[in-house]
Amino acid sequence: MDGGNQQRILGYFIEEAKEHLDTLEQGLLNVQETAQDPEMVNEMFRAAHSVKGGAAMLGFSSLQKIAHRLEDCLKILKENPVKLDRHVESLFLQGYDTLKDLIEQLQGPYGIRDEEADKMVQAAEPTFKELQMYLERLIGGESPTAAPAKAEKAGGKAAAQVPENFSAQVTGILKQMLQLFKQSETAAHRQKLQEHCHKLAKLAQTVEPWQVLVKNASDAIANSQNSFHTLAPVIIKELKQASDQVQQGNENAVKASPALQKLAKATPSKGGGKEITITVEPKAAAKAIVKAFDKRQLTQLTKLLVQATRASS
């Protein structure tokens, strides 16, 4: 096979793999509900199976192994409908993250580096073993106990109060945010994403680590230099995992990653917004402005232009 055809096939595989990742992400963000939907579980199983098959065909053994492990765990759900808990959800997401990281590495300029990929597979193996054993105990009618919620913080201080369905409420908001991240990067969409962050903050107002994390997410979204493609995987993943920690009473474990902190602290563009280039031709300039701003901003801009015109006359 010549180099051109090989690159073309690799491109097809990556595009299909990204679609399969979307399917898996949608289902795993609330796998407790997904597990009750046989059709969705089948879709997720087929997604993992397809990635495994494509990776095997192209010789990416590390990617094949992770997809296979995820497929095996999804097969258990497919064949044994069972009520899941948040611990299972967290384990599934950890396995998914490894799969996603490998596919992202494949898209990089150097592709999958065998030594690094093998380390990722080894690091993920304990998670998959725990997940499989946990699922099997659930199916066997046992009541495996996830990390117990802490009644008190260190030093005897009472744990912060959060709603009983806190993690489920967070997941619902994150799903809405995920849909917004897939849309165009307009100021209006950034504003809606920040509004969702405000809702997330209100769900656990007494949990300071959660407040700091959500603030970091909101600040990162506000910076127009950060693309939605960059923001989505970091913010969705960290808020989801943090919500599970808070629900279990482990709020002290909640902390923004260096990646999120960097996005939150990035220097915003001059004026706090996206810079645009416009021509001096009025019609072309108007089109560029309408495309760059939302309705609220256009109204504000119109008022400013009227004021500026009056001042200069």
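Trainee: Cys73, then: buried or exposed?
Mentor: Cys73 is buried, at a relative accessible area of 0%. "Buried" means under 20% relative accessible area, "exposed" over 50%, and "partly exposed" in between, with a 1.4 Å probe and protein chains only. Keep in mind that this is a predicted model, where local features need pLDDT of at least 70, side-chain atom pairs count only at pLDDT 80 or more, and totals for chains, interfaces and linings use all residues. Residues are numbered from 1 along each chain as its sequence is written, and side-chain values use heavy atoms, leaving out hydrogens and water.

Trainee: And what about Cys197, buried or exposed?
Mentor: Cys197 counts as buried, with 2% relative accessibility.

Trainee: How many disulfides are there in the whole structure?
Mentor: Zero, going by a search of the whole structure. A disulfide here would be a pair of cysteine sulfur atoms within 2.5 Å.

Trainee: OK, zooming out. How many helices and strands does the chain have?
Mentor: The count is 13 helices and zero strands.

Trainee: What share of the chain is buried?
Mentor: Of the 313 residues in the chain, 42% are buried.

Trainee: And how much of the contact set joins residues at least 24 apart?
Mentor: That's 72% of the contacts between residues at least 6 apart in sequence. "Contact" means heavy atoms within 4.5 Å.

Trainee: Let's do helix pairs. At what angle do α3 and α4 cross?
Mentor: Roughly 155 degrees, and the axes of α3 (residues 38-58) and α4 (residues 61-79) come within 8 Å. The axes are lines fitted to C-alpha atoms, for helices over the stretch in contact, and the angles run from 0 to 180 degrees between N-to-C directions.

Trainee: What does that make the two, parallel or antiparallel?
Mentor: Roughly antiparallel, therefore, for α3 and α4. The cut-offs are under 35 degrees for roughly parallel, over 145 for roughly antiparallel, 65 to 115 for roughly perpendicular, and oblique for the rest. The crossing of α3 and α4 is also left-handed. Left-handed means the near helix is turned anticlockwise from the far one by less than a right angle, and right-handed means clockwise.

Trainee: Which residues make the contact?
Mentor: Among them are Val41, Met44, Phe45 and Ala48 of α3, with Leu63, Ala67, Leu74 and Leu77 of α4. By class, this contact of α3 with α4 has 11 nonpolar, four polar and four charged residues. Ala, Val, Leu, Ile, Met, Phe, Trp, Tyr, Cys and Pro count as nonpolar, Asp, Glu, Lys and Arg as charged, and the others, Gly among them, as polar.

Trainee: Next pair: how do α5 and α6 cross?
Mentor: At roughly 155 degrees, with the axes of α5 (residues 86-107) and α6 (residues 114-139) coming within 9 Å. That crossing is left-handed. The contact includes Leu91, Phe92 and Leu102 of α5, plus Met120, Phe128 and Tyr134 of α6. By class, the α5 and α6 contact has 12 nonpolar, six polar and three charged residues.

Trainee: And α8 with α10, parallel or antiparallel?
Mentor: α8 and α10 are roughly parallel. α8 (residues 187-203) and α10 (residues 228-247) pack at about 10 degrees, with axes 14 Å apart. The contact is made by His189, Arg190, Leu193 and Leu200 of α8, and Phe228, Leu231 and Leu239 of α10.

Trainee: Now loops. Where does Gln183 lie?
Mentor: Gln183 is in the loop between α7 (166-181) and α8, and at 40% relative accessibility Gln183 counts as partly exposed.

Trainee: What is Gln183 in contact with, leaving aside neighbours within four places in sequence?
Mentor: His189 and Phe228. Gln183 and Phe228 are 45 residues apart along the chain, with C-alpha atoms separated by 8.4 Å.

Trainee: Last one: Asn252, buried or exposed?
Mentor: Asn252 counts as exposed, at 58% relative accessibility. Asn252 is found in the loop between α10 and α11 (258-265).

Conventions:
Helices (H or I, at least four residues) and strands (E, at least two) are DSSP runs, numbered from the N terminus.
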